[in-house]
Amino acid sequence: MKLSPRLRTVAALAGTGESVIDVGTDHGYLPVFFVRNGLFRRVAASDINRGPLESARASARRDGVEDRIGFFLSDGLTAVPEQFDTVVIAGMGGETMVDIITNCPWISSARLILQPQSKVPELEKCLDGLGFACGRAVLAEDAGKLYLAFEARAGEGGFDPARALLEGRDRLLKGCAERELARIRRALDGMEKGGADPEERERMRGRIQRLLEIIKEASTWQN
Ligand SMILES: C[S@@+](CC[C@H](N)C(=O)[O-])C[C@H]1O[C@@H](n2cnc3c(N)ncnc32)[C@H](O)[C@@H]1O
């Protein structure tokens, strides 16, 4: 089994540890990868839907590791009776991740590996409010699309994946920030014509300012 570039990035951030659960596992490729490579002593997979959980079980069976993975049918971590050091949540919207994180009483003691598909600012705000700090962050390119993945654990200093990407000198950051800048400028343009809420426009201007700073800093080490 070969992981896609997006899942490879998530797996690399997860690294190794004592125990891991892949929440919203679907195909189950990550837990199978963790077991096959001996990266965690205890490995589990969960999904809110029976079909995807069965598909994860089938992947594990094909690889001969079904009895080495715990399978849980659960909305987030609510019906998972064990705690894990590392919690992976990938390929879902940021708002679903916020629900999963805020409904888990032991989440602050875990290291989170997150790869949100949308609503990143909302997720960042939630993690910041819960006292998480951002560890490593990486951008992955997969089939012409860019994906952000990052590590979060309880800590000081606020939650700032852009700072982590800058510190890691991520080679995809500058291009990604330039595209996001063009997108937000177009959106702001449309808002100004449409007379949108002044607070929302101010928020967009703040994001433009931040993107310009990111591009400037990334330009010191990348053309
Ligand atoms: C697009 S798939 C992502 C699969 C895999 N994590 C990946 O990154 O390739 C999203 C999966 O999350 C599951 N899911 C959605 N909401 C969930 C929740 N609240 N708790 C657990 N699983 C959830 C869905 O059933 C689906 O299998």
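# Briefing: ligand shell, sheet and domains

In this structure, β2, β4 (86–93) and α4 (94–102) each supply at least two residues of the shell around the ligand. The model is a predicted one, and its seven strands form an open sheet with mixed pairing. The domain assignment divides the protein chain into domain 1 (5–167) and domain 2 (173–218).

**Around the ligand**

- The shell draws its largest share from β4, which gives three residues.
- There are 17 residues around the ligand, and those that come nearest are Gly24, Asp26, Pro52, Ala90 and Gly91.

- Read across the open sheet, the order of the strands is β3-β2-β1-β4-β5-β7-β6.
- Because β3 and β6 (132–142) stand at the edges and each has a single partner strand, one side of each is left without a neighbour in the sheet.
- From one strand to the next, the twist averages 20°.

**Strand pairs in the sheet**

- Strand β1 (residues 17–23) runs parallel to β2, and six bridges join the two; within this pairing, Val23 has Ser46 in β2 as its bridge partner.
- Strand β2 (residues 40–47) also pairs in the parallel sense with strand β3 (residues 69–73), here over five bridges, and Ala45 stands opposite Phe71 in β3.

**Helices on the sheet**

- The centres of domain 1 and domain 2, taken over C-alpha atoms, are separated by 29 Å.
- Where the domains meet, the contact takes five residues from domain 1 and five residues from domain 2.
- On the side of domain 1 that touches domain 2, helix α6 (residues 161–167) provides the largest share, with three residues.
- The residues on that side of domain 1 divide into five nonpolar, no polar and no charged.

Key: Residues are numbered from 1 along each chain as its sequence is written. This is a predicted model: local features need pLDDT of at least 70, side-chain atom pairs count only at pLDDT 80 or more; totals for chains, interfaces and linings use all residues. Two strands pair if DSSP finds at least two bridges between them. Helices (H or I, at least four residues) and strands (E, at least two) are DSSP runs, numbered from the N terminus. Domain bounds come from an automatic or database domain assignment. Two residues are in contact if their C-beta atoms, placed from the backbone, lie within 7 Å. Ala, Val, Leu, Ile, Met, Phe, Trp, Tyr, Cys and Pro count as nonpolar, Asp, Glu, Lys and Arg as charged, and the others, Gly among them, as polar. Axes are lines fitted to C-alpha atoms, for helices over the stretch in contact, and angles run from 0 to 180 degrees between N-to-C directions. A residue is near a molecule or strand if its C-beta atom, placed from the backbone, lies within 6 Å of it.
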